Amino acid sequence: MIDEGVTHSKRKASDHAGIEEPQTPQLSDQPRHFAALPLDIFVIIVQHLDTKDVISLSETCKHLHFITSARAVWHTLARHLIDSVIPFPPSPPLTTLSSSALRELVLRSMVLRKRWVGRPELSRRLTLAPSPARPRLLSTGLKFLLGRRYLFASLTPMEPVIGSDTDSPQHILQCMDFGEPGGKAEEGELPKVVAWKRFAYPVNFVINERKDNHAVVAASSADNGIMTAYILSLDTSFASQRLWTPSDSVAAGFLTLNTFVVRGIALLLQGDILASGGAEGNIWLYNIHSGELLCELLDARAPSLNETVKVVLLPGLVIAVGYASIKLFELPTFSRGKPQTIAPVATHVWRWRIDTVAAAPLMHSHAPTARPHINLWVRFGSWYPWPINMLHHYVLHPRHDGRGYALPPVLARYTYSALDLFAPSASALGPHGTALWTDSQTGEGEGQARAGLQRIAGKVLPSLLPADEEFMEHIGAEEAVGAGLGVDAATAMMGDRYDNSAALVLRVITGDHAQAHQLAMDEETGRVAVAWSDGGIAVWDYMPLVPET
C-alpha cells in the first residue's frame, strides 16, 4: 500500500508536469495586525482621523499608545488644524515643539474650539469697574494685543473737558493686564492698568500686527490742531497701581519711540509701516522710524462720506474697506524722499449705506499667506435713522491669476439680527473667522427686538474657498467669473444664502444694567472683551485651565 501510494503520487505529479502550483503566502511575510504597519503608512492613515479617534486608538493597547505618541502623528494633526484655520493657544513655532508639547497644544486647541463653537463655557470672568474717584469714561476703542495678556482701550470723558491742567479729565489711552489666559485668578483679583497716556483731544490707536516688533501701538491725536502720531512700546519694568487715578502723571508705562505729523487718524500698524486715513477715504503710508511719508493712496472719484474703517496691507497691495466702497491699490517700490500718489486699480461701491462693518483676513498665525481670503461682516443702514435687522457675511477672494482680489465681494451668508430703535450696535471680527455682535433679539431664529434688551452673540463664519463645493453652490455668476471660475461653472452656482443656524449667545442684558458699547476678541487665547456704557471693562476667559480629552 505504501508503494502504491508513492506510485500514485508520482503519477499525479507527472500529469501536471510543467504547471507551477501556486505558493501559499506565509503569515510571517505580512503584517499580522494593524499595529504592525510601518510608521509612515500609519501617519497617512492618521491624516483621515480626527483627534478623538487618535486618542481612542492610543488607548487600545501599549503598542498603539507608543505609535500614536510619535511626533509625526501630532504634527500631522496640528497641520490639520492650521489648514482649517482653527486657532492655537499662544505657542512657539511648531518645529521647536516636542511630541508631548504638540499633543498638549492640539488638545487645548480642540477643547477651546469646542467651547467656542458649542455652548460657551467660561473659565473665569475679570472686570475693571469704573472708578468713583474719576469722571465716567466711555471706551471709544478696544483691542487685544493678540496672543498676549494685554488689552488696550481709548477712553473719552462723558463730561466736557475744561482747561489743560493735568488733573482735569482728559482723553486716555490705557493698557490693562488681565493675566495669563487660562490662568487661575486669586480671590478678589483685579486686572492692572500697566500703562496710560493722556491727550487733550480724542485719541485713535492701532495694535501692531507683527508680534515681534518693538513698536507695540500707534496712537493719533490732535496736538495744537495738528494731527500727530505717537509710536509707543510698553515699559515692562513699570510697576503699575491697580487703578488709574486723576492724581497720576500725564503718562506712565509707555515708552515713546517716535512722534511725527500725519494727515489722518491711525488705521493700521504693520511692522514698520503706519497707515493713516481721512474722512474722504484717502490713505497715507509712513515709516514709523523716520516719520517719512512713503506714498499716498488717493481716489479723486471717491463717493462722499467714505471714511475708511479697515486697511489690509499685503505684499504689493493695499485694500481699503470704507463705509461707501472697497478700494484696491497696487503698491510701488518705495523710494526715499519721493512719495508717490497712487490711484485705485479697482473699486466696488456699496449699493446701500453701511451702518457697521468689520473686516479681517482669514489667516492662521502659524501659516500666514500672501493672498488670504478676507471676511467682511456688514450691517447695512436704511432710509430711516436706524439699521436693518440683517447681518451680511461677504468674502473677498484672491484672483486666480494673482492680480489682487476679485470685486465685487461674494455674499456668502446673511443672518437675522433684530435691533431695537436707536439701540447701540457693535461688532468684531477675528482672523480665524469668528464674528461677534450686539443686537436686541429675543430667542433664536427670527425673534423680535425688545426695548431695553441687549444680546451679545457670535458665530464662526464658514470658510468658503474657490475649490469648495459649498462655495460653488453659494456664489453668483459675475462673482464667480471674477474669482476665476469660468462662465460655464458660474452660471449654475446660485443658491439660498440665508443662514438660520443658531448663534452663540454669550450674554443677555436686561433692565437698567449697563450695555455693551465696544467688543474685542482674541481667538488664540479664547478671550472676549466688552466695554460697558458705564465705563467698566470686562474680559471673559474661555481658555481651558488644563488639557481635556
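**Notes on the predicted model**

1. Helix 5 passes helix 6 in a left-handed crossing. The two helices, in what is a predicted model, pack at an angle of about 35 degrees, and their axes lie 9 Å apart. Helix 5 contributes R71, W74, H75, L77, A78 and L81 to the contact, while helix 6 contributes S99, L102, R103, V106, L107, S109 and M110.

2. Some totals give the setting. The protein chain contains 9 helices and 30 strands. It has 549 residues, of which 49% count as buried. Taking contacts in the protein chain between residues at least 6 apart in sequence, 59% join residues at least 24 apart.

3. Helix 3 deserves attention alongside the helices of the first point. Spanning residues 51-58, helix 3 has T51, V54, I55, L57 and S58 as its buried residues. Viewed down the axis of helix 3, these buried residues fall within an arc of 160 degrees, so they line one face of the helix. The cover over the buried residues of helix 3 includes helix 2 (39-46), helix 4 (62-68), helix 5 (71-83) and helix 6 (99-117).

4. Strand 25 (residues 434-439) and strand 26 (residues 454-460) run antiparallel and are joined by 6 bridges. As an example, A435 stands opposite K459 in strand 26.

5. A second open sheet has 5 strands in the order 2-3-4-5-9, again with antiparallel pairing. Its edges are strand 2 (137-144) and strand 9 (251-252); each has a single partner strand, so one side of each is left without a neighbour in the sheet.

6. How are strand 2 and strand 3 connected? They form a hairpin with 5 residues between them. In the turn, G147 has a positive phi of about 75 degrees. The two strands run antiparallel, and 7 bridges join strand 2 to strand 3 (residues 150-157). One of the pairs sets L142 against A153, its bridge partner in strand 3.

7. Strand 3 also pairs with strand 4 (residues 171-177): the two run antiparallel, with 6 bridges between them. Here L151 stands opposite M176 in strand 4.

8. Is strand 3 mostly covered or mostly uncovered? It is mostly covered, since 8 of its 8 residues are buried. Both of its faces are covered. On one side Y150, F152, S154 and T156 are buried, and on the other L151, A153, L155 and P157 are buried.

9. With a relative accessible area of 41%, T140 is partly exposed. Neighbours within four places in sequence aside, T140 is in contact with S154, L155, T156, V203 and Q518. Of these, S154 and T156 belong to one covered side of strand 3 and L155 to the other. T140 and F205 are 65 residues apart in sequence, and their C-alpha atoms are 10.0 Å apart in space.

10. The last point concerns a loop residue. N282 is found in the loop between strand 12 (273-277) and strand 13 (283-287). Is N282 buried or exposed? With a relative accessible area of 15%, N282 is buried, as this value lies under the 20% cut-off. Leaving out neighbours within four places in sequence, N282 is in contact with S276, G277, L297, L298 and D299.

Technical notes. Residues numbered from 1 in each chain as written. Predicted model: local features only at pLDDT ≥ 70, side-chain atom pairs only at ≥ 80, totals over all residues. Heavy atoms only, no water. Pairing = 2+ DSSP bridges. Helix = DSSP H or I, 4+ residues; strand = E, 2+ residues; numbered from the N terminus. Buried < 20%, exposed > 50% of the residue type's maximum accessible area, 1.4 Å probe, protein only. Contact = heavy atoms within 4.5 Å. Arc of directions from axis to C-beta. Axes fitted to C-alpha atoms, helices over the stretch in contact; angles between N-to-C directions. Left-handed = near helix turned anticlockwise from the far one by under 90°.
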